[in-house]
Amino acid sequence: MMRGASADAYAATAGALTGAGDAAAVGRDLFGVADLLRSEPALRRVATDASIDSDAKAGLLRQVLSGKVSDLALAVVTIAVAQRWTASRDLADALERLGVISVATSAGGDAGRLEDELFAFGRVVQDNPELRDALSDPARNRDDKSRLLADLLGDKVLPATVALVQQSLSGSYRTVGVALADYQKVAAEVRGQGVATVRVARPLSDADRQRLAEALSRNYGREIHLNVVVDPDVIGGIRVETGDDVIDGTVSSRLDEARRRLAG
């Protein structure tokens, strides 16, 4: 979450994404520029130095990036370096987030599927310690990890999913799982949605899922995308997490509360 000058800078830069162009390509280009800024501290310092003339900074970035990224991506970057950023790392973080928005937009009518695939792969990483360790192993370089993910995903998921899963290796988040969870939220926001994680003991029927989604949408004033997790420890009932809000109506939580009262 950006604050102060960086929040204003992000808002000003995001307006440039309204231009026409190949959203998937623009997203990949912005990811590349974000990675470049993170790997080149000197370039990052110049790009975010408020004492340097904006035109001079834009000219430098054009020299570095011209012919390597799309015109729209270059326009976004030149607008970004003209802004004032609270911290130098905020520029790369902002460009990455705008890249996520572009890639999510590229999914078009498959946006809901993109959200489901990001959530599902996040669960795969969470539930597979060997995979999780491989993706966090500092001894393995990013190309090696990227090949591992490519082998796992193949052509079974959307190109947008592949792009975002690969970007989760950038190191800008604490873990790959945290990156994927945030990317899914951004993808939902692109469609004006919120995201709720629902934990149940058994899979929900389509009718129950629809009723729950409609009830949450009425409560929050916007459409809610459901991530349903089947968790035997729930025993019965349901637990819903929407942002910082938690509705816990599970049997397991009621049993825990009863034990605490008996012990007290």
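Colleague: In this predicted model, which residue of S4 does Thr242 stand opposite?

Modeller: The model is a predicted one. Strand S3 covers residues 238-242, and S4 covers residues 245-248. S3 and S4 run antiparallel and are joined by four bridges. Across this pairing, the residue of S4 opposite Thr242 is Asp245.

Colleague: Which residue in the turn between S3 and S4 has a positive phi?

Modeller: S3 and S4 form a hairpin, with two residues between the strands. In that turn, a phi of about 60° belongs to Gly243.

Colleague: In what order do the four strands of the open sheet stand?

Modeller: S1 pairs with S3 in the antiparallel sense over four bridges, whereas seven bridges join S1 to S2 in a parallel run. The pairing in the sheet is accordingly described as mixed. Neighbouring strands are turned against each other by 15° on average, direction ignored. The order of the open sheet is S2-S1-S3-S4.

Colleague: Why is one side of S2 and of S4 left without a neighbour in the sheet?

Modeller: The sheet is open and its order is S2-S1-S3-S4. S2 and S4 each have a single partner strand, so one side of each lacks a neighbour, and the place of both strands is at the edges.

Colleague: How many of the seven residues of S1 are buried?

Modeller: A residue counts as buried when its relative accessible area is under 20%. S1 is largely enclosed by the rest of the structure, because the number of its seven residues that are buried is six.

Colleague: What is the handedness of the β-α-β crossover from S1 to S2?

Modeller: S1 and S2 run parallel. Between these strands the chain passes through helix H12, residues 206-220. The crossover is right-handed.

Colleague: At what angle to S2 does H12 run?

Modeller: H12 lies across S1, S2, S3 and S4. Another helix, H7 (residues 111-127), packs on the sheet, touching S1 and S2, and its direction makes about 30° with that of S2. For H12, the angle to S2 is about 135°.

Colleague: How many residues of H5 are buried, and which helices are included in what covers them?

Modeller: The buried residues of H5 include Leu72, Leu74, Val76 and Val77. H5 is mostly covered, with eight of its eleven residues buried. The cover over these residues includes H1, H2, H3, H4 and H6.

Colleague: Which residues does Leu91 touch, not counting those up to four places away in sequence?

Modeller: With residues up to four places away in sequence left out, Leu91 touches Leu37, Ala47, Thr48, Ala80, Val81 and Trp85.

Colleague: Is Pro41 buried or partly exposed?

Modeller: The place of Pro41 is in helix H3. In space, Pro41 and Arg89 are 9.5 Å apart, C-alpha to C-alpha, although 48 residues separate them in sequence. At 34% relative accessibility, Pro41 counts as partly exposed.

Colleague: What percentage of the 264 residues in the chain do buried residues make up?

Modeller: The secondary structure of the chain comes to 13 helices and four strands, and its C-alpha atoms fill a box of roughly 70 × 45 × 40 Å along the principal axes. The chain exposes about 14000 Å², of which carbon and sulfur atoms supply 50%. Among the 264 residues, the buried share is 42%.

Conventions: Residues are numbered from 1 along each chain as its sequence is written. This is a predicted model: local features need pLDDT of at least 70, side-chain atom pairs count only at pLDDT 80 or more; totals for chains, interfaces and linings use all residues. Side-chain values use heavy atoms; hydrogens and water are left out. Contact means heavy atoms within 4.5 Å. Buried means under 20% relative accessible area, exposed over 50%, partly exposed in between (1.4 Å probe, protein chains only). Two strands pair if DSSP finds at least two bridges between them. A crossover is right-handed if, with the strands pointing away from the viewer, the path from the first strand over the helix to the second runs clockwise. Accessible areas come from the Shrake-Rupley method with a 1.4 Å probe; for residues, only the protein chains shown count as cover. Axes are lines fitted to C-alpha atoms, for helices over the stretch in contact, and angles run from 0 to 180 degrees between N-to-C directions.
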